[in-house]
Amino acid sequence: MSRIGVFICHCGENIGRTVDCARVAEAAGALPGVVHAVDNKYMCSDPGQNMVRAAIRDLKLDGVVVAACSPAMHEPTFRRATFNEGLNPFRCEMVNVREQCSWVHEDRPAATDKAIDLVRMMVEKVKRNEDLFPIKVPLTRRALVVGGGIAGIQAALDMANAGIPVVMVEKEPSIGGHMSQLSETFPTLDCSQCILTPRMVEVAQHPLITLHTYSEVEKVEGYIGNFRVTIRKKARSVDMAKCTGCGVCQQKCPQKKIPSAFDAGLGHRAAIYIPFPQAVPNKPVIDRERCTHFKTGKCGVCEKVCGPGAVDFEQQDEFVVENVGAAVLATGYQLYDIGDPGAGLRGYPEYGGGKIADVIDGLQFERLASASGPTGGEIRRPSDGKVPQTVVFLQCVGSRDRAKGIEYCSKICCMYTAKHALLYKHKVHEGKAVVFYMDVRAPGKGYDEFVRRAVEQDEVLYLRGKVSRLYEDGGQIVVSGVDTLAGRQMEIRADLVVLATAIRPQTGAARLAQKFGVGYDGHAFYSEAHPKLRPVESAAAGVMLAGACQGPKDIPEAVAQASAAAAKVAVLFSRETLDREPVVARVNETVCAGCFACQEVCPYGAVELNEVRDRQGRLLRRTARVNAGVCNGCGTCVATCPSKSLELAGYTDEQIFAQISALVP
Amino acid sequence: MTHSGGVDMNSATGSLRARVARAADLNVFSCYQCGCCTAGCPTAGRGDLLPHQVMRHLQLDSDEPLSALQPWLCVGCQTCAVRCPQELDLSRVMDALRAEAEQAGTVPAAARRARLFNRIFVQQVLASGRLSEVKLGAEYNLRARAFFQNLESLPALLTRGKIRLDGKTLRGPGLARRRQALPGKEQP
Amino acid sequence: MTSFSYYPGCSLHATAREYDESIRAVAGVLGFELREIEDWCCCGATPAHAIDAESAHVLGDWNLARATATGAGPLLTGCASCFSRLRAASAELRAHPAAAPAAAARVGGRIDPDLEILHVAQLLARSDVSEAVAAKVTRPLNGLKVACYYGCLLTRPRGENAFDDAEDPTLLEDLVRLAGGEPVAWPLRLDCCGASLALPEPGIVRDLSGKLLAMAHARGAQAMMVACPLCHANLDMTQPAIAKQMKFDFEMPVLYVTQVIGLALGIEPRTLGLHRHIVPVRVDALIPAREANHV
C-alpha cells in the first residue's frame, strides 16, 4: 500500500477564493493510499515546504502530491524539497488547481469538486511513479556564433576573452555587418567605422576565434552541450592562404560597373572584389554570377595579374564540421524593400516602388553621408550628382503599417532620421530638411535631447503626418503630405527623399531557426524563451539570441544583448556535465518489430538503429533505440508505435490509464 | 467582421460614433491620426473638417461631423481607403455621415448643391430604374437655380447624338417590373 | 461563340453611347456574343450608396439577379462605376450568405453569388483574348503616345475580383502596347477626375480634371485612354470649359479603351463613334497612314 501525502495550497486568495481547500484536503485524506492531507495558505513558502519535508520524514511518505499553481512555476521547488528529504524527486507531482481551476471558474462548489477530481487523478498516477534519475551528458566547451555583425562580434569577443573557444560563421565575404556601412552614430555622432573596425580586427586575430566568412550553416545535429554543425564554406575562387590582399585583381578586373552591396547600390565594384577597404578578412572574392570568366570562359585577367597565384577558378564549396556546446544566433536585419518587399508583404508603388532614383532608403543615405562612401561624404543625389537643396525624410515607411503587413514599430528610425536630417544640415547649411513623422519615439539615454537639438539648433522642420504619395516631376519629387497639427495638406517639391523603411529579419532567418529548433514570430524574428526573465535565450536549450534577429534594436542594445548571451553561454559552460530530465522515451527491444515508424516522426532525430546479435555476432534483428541525450520527451513516438513497444518515462500508459480511470470509474 | 466602435465610453451604443462604426464596418479607434487620408484626398481643404479630423471627432464622440461639409465633398474615390495604414475605408464613413446628417437634419447650407444632386439622382433612379442624364441635369439646374450651368455644351451633345430628349433611355423593356421592385415614386 | 451577359449602364445608352458602340464593334470582330440584360437598372453610382445604403443594395441585387437569369456567362460591363457597384453587391452577398435568400426575394430572382463580373478592359487583357486581338491587328497605332487614365473606381477597392493592382496597375498600358501604341509614364493616372461632382461642384471637377490634362500633356501624351464614361465626360465634355479656365487649349483627344483597340483592329472610326467626341479625334493625324502599310 502506498503512503502518499497531499498538500493543498490556497495561494493566498488565488485558489482559496474559489476552491474550498479544506474540503479538498478532507476528500483527499479519504482516498486509498493517502496517509496525510493538509491545506496551507502558501505552500511554496519556507514553512509550507517544511510541512512537506516533515511529512516525508515523519510519515515515511513514498509519494507527494502538491495541489497548487502550475508546475512550470513551482515543480522545481517541491521536487527539490522532496529530494532534500531523501525521496526521489520524480515521486513528487503537482496538480494545477490555479490556472486550470480557480482562475477559470466562478462556482465555488463546482470548482472544489473539480479540484478533488484532479487530486484523485494525480494520486492514482503517483502510486505508479518510479524512481527516475537525471541523465548526465558530456559538454563541449566551445561556442558557435552565427552572424558577424556588431552583435555577433561582441558575443564572440566576450566569450573568447572568457576563455571559451568560438567558431564564427558569416555569410558575407567580410564581417562587420550593417554597422560597417554607417556614417556616424546617434546620439554622440561618433564615427561608426572608427569604433567598429578595431573590434573586427580583434576577432580576426583572437587565438580562440575560428572565423568562417562567406560561409553558411548547412546542418545542425545534436543537442545542448553537443551540437554537430556542418558549415558550407562557399567557393571564394581565391586561395586565402596564398592571397596577400594586395588588391591588384580588383583594379584590373574589366567588370567594374557592378552595384556594390556595401554602398547600398550607390557605388560600384568589380567582379573580383574586397567589399570595403577595412574588410576582415581583407581578401577578395569572385562574384561568379557576374564574372566574365564564369559566364563565358574568357577573360581570366585576375588570374594573370595575381602575383602569388591565388586566383582559383576551380575552387569548390567546402564542408566543415564543428562540434560546439552552445550557439549564439546574431543574424541581424535587412531593410524592407518598397519595390519588392517579399512574400506576404505589400510594397509602396505609391512612393514609386523603388523606381525613382532620388527616393532612397536609410542605408543609402548612410553611404552618401559616409566619408568612405561613393561621394566621399558629400550629400549628392543619385540621379545627377547635384547637392539637394530640399531633402524630405519620411518615417514609418512599412513600419506600423497593417496594410503593408508590418504592424510593429521598427524602433531605430526616429533616431536615425533625426541624425540624417542633422548630418545633412551640417553638410548643406542653406539646405532645407523636412521630416514627416507620426510620433517621435526617442526613449534612450540622450536620445530625446538629440532630436530636440535637430529641431531647435539645426532647424530641421518636423511635420506631423504621413505622405500619401510621391512622384517625379521636372527633376524633383512631389511629396503629397499633410501637417495634422496645422490641419492642412502639405505639398513639397523635394530634390531628395529618404525613406525610413522598416527593419525586417534577414532573408533565410526562418530556415536557420528551423535548423536550430528555435521559435520565431510571424515576421521571422526569433522568439526569446521568456519576454521578461529570459530575454536572450531561445526556447531551444543551448541556443542564445543577440541583436536585431530577435527584434529591431539599435547598436547599444544589440551589444548589451550580445554580452548577455555570451554570459549565458559562460554559465552553461561552468559545469562539468549537463543534467537532463529523465522524462524520455524508451524502447522495449524484445517486442519492437523494427518498423522505425518512430524514427520517421521523431522531431529531434533521437531514434537510432539498434542491432540485436547473438553470441557469435550474427545479426538477429534490428530494433529502434532512443538516445536519451537527444530525446525531449514529447511522446510522439509513443503515440505512433504500432506494437506499443515505446513508453515515456514518468508518463507510462499504465499511469495515464490509472488517471483516466480515477476520473471515469 | 463587425466592429462596435471600440471602447464603450458613456453608453456609446446609440452614439453617432457607434452608428457610423457599424455602418462603415470599422473600429474608429484603429485610426492613429497619421493623416494619410487627408494627404491624398482630392477635396480635403475645400471643406471644413479634414478627413482625419472627422475620424478624431468620431473618436471623441462629438457630433461635429454631422454638420460638416467634408462628407458632402467626398467623391468616393477611395484613395484614403487604399492608402490607410490601418486599412480604414473613410469613404464608407462619409457615406454613413451623410445618411446620419440627413436623418438629423443637420446638412450644412454649403452642402445644399451636393445634397440636392444626390437626392435628385436617387429619386429619379428609383422612379424608373434608370437614369437620364438630361433629365438629371434639367431637374438639378432647375432646383439648384443654376439655370445656365452646362447649357453651353447642350448643342454639341445633341448634334453628336450623345443625348436625346425623348426619354427613351429611361424606358427599355421591363419598366413596369422595375417600378414595382423599386421603392421610389416618379417626381412630379 | 463565346457569349457574355452585358450590362451597359445608363451612360452607355446616352452620353457615352460611343463607348457602347465601340464595345459592340470590338466584340463583333472578336466573335463574342453580347446579350444585354433586358431589364437592367441603374447601378446607383456614387449618389445611391452616398445617402441611401438600402436602395444601393436593392439596385445591385436587382442587376445581379437579372444577369443570373440572362445566364450567358460572365457579366460584362464597360463602366468603372457600374463595375465597382456590381463588385460591391456581389462581395456583400458572399460576405453575408445568410442574407442572400432575403435579397433574392426582394428583387424577385435567384442570384448566383459566384457570377463572374468582368470589366471590358479586363476581358481584352485576358491572355487568350489578347492573343486573338494581336492576330487581328491591321492598323497598329504606330507608337501613338497614350496616357492611360485609370481614375479611382476602376482599381478600387482591393480584394476579390479586383481589376488590377490598386496602386500599380499595368492592364491599360498592356492594352495600348497591344494596339501598337506607346503608353506614357505619368504619375496621376490613379487620381480622381472629380467624378459625380460634375453637377454640384463643377469648379472642383475643372480643377481636378484640369490637373490631369496638364500632366498628361506635359508628359507628351498625344491622347488619353479611359475605361469609364464619367472620366470621359469630365475629360472630354468638360475640356472646353477647362481650357477656358486654364487659358490653355490642350486639344487632348480622350478615347475609350475599346476605341483604341477598335482602331487597331481596323474598325472604321465612325463605327467606333469617334465623331461623337467633343474634342475632335483626327485619326489620320494621330496615326499617320504611311506606316499603316507595315503590318
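Modeller: Start with burial: 48% of the 188 residues of chain B count as buried. Keep in mind that this is a predicted model.

The make-up is simple to state. Chain B holds ten helices and zero strands. Read along the sequence, the pattern is α-α-α-α-α-α-α-α-α-α. Now the contacts within chain B. Take those between residues at least 6 apart in sequence; 57% of them join residues at least 24 apart.

For the helix in detail, I pick H8 of chain B, residues 133–143. Which of its residues are buried? They are B:Glu133, B:Val134, B:Gly137 and B:Tyr140. These four lie on the same side of H8(B), because they cover an arc of only 140° around the axis. What packs over them? Part of the cover for the buried residues of H8(B) comes from helix H7 (112–128) of chain B. Just after H8(B) comes B:Arg145, with a positive phi of about 55°.

Next, the side that meets the neighbour. Here 18 residues of chain B are in contact with 18 residues of chain A. Two helices of chain B, H2 (36–40) and H3 (51–59), each supply at least two residues of the side that touches chain A. Which one gives the most? H2(B) does, with four residues. By type, the residues on this side of chain B divide into eight nonpolar, eight polar and two charged.

For contrast, look at chain C, where there is a sheet. Four strands form an open sheet in chain C, in the order E2-E1-E3-E4, with parallel pairing. Its edge strands are E2 (32–36) and E4 (117–119) of chain C, and each pairs on one side only. Neighbouring strands of this sheet are turned against each other by 40° on average, direction ignored.

Inside that sheet, strand E1 (residues 2–7) of chain C pairs with strand E3 (residues 75–77) of chain C in the parallel sense, over three bridges. One position to check by eye is C:Ser5, which stands opposite C:Leu75 in E3(C). A helix of chain C goes with these strands. Helix H3 (residues 53–70) of chain C lies across E1, E2 and E3 of chain C, and runs at about 155° to E1(C).

Back to your chain, in brief. Chain B has ten helices and zero strands. H2(B) gives the most to the side that touches chain A.

How values were computed: Residues are numbered from 1 along each chain as its sequence is written. Chains are lettered from A and ligands numbered from 1 in the order in which they are written. This is a predicted model: local features need pLDDT of at least 70, side-chain atom pairs count only at pLDDT 80 or more; totals for chains, interfaces and linings use all residues. Two residues are in contact if their C-beta atoms, placed from the backbone, lie within 7 Å. Ala, Val, Leu, Ile, Met, Phe, Trp, Tyr, Cys and Pro count as nonpolar, Asp, Glu, Lys and Arg as charged, and the others, Gly among them, as polar. A residue is buried if 20 or more other C-beta atoms lie within 10 Å of its own, exposed if 12 or fewer, and partly exposed in between; C-beta atoms are placed from the backbone. Two strands pair if DSSP finds at least two bridges between them. Axes are lines fitted to C-alpha atoms, for helices over the stretch in contact, and angles run from 0 to 180 degrees between N-to-C directions. The arc is that of the directions from the helix axis to the C-beta atoms.
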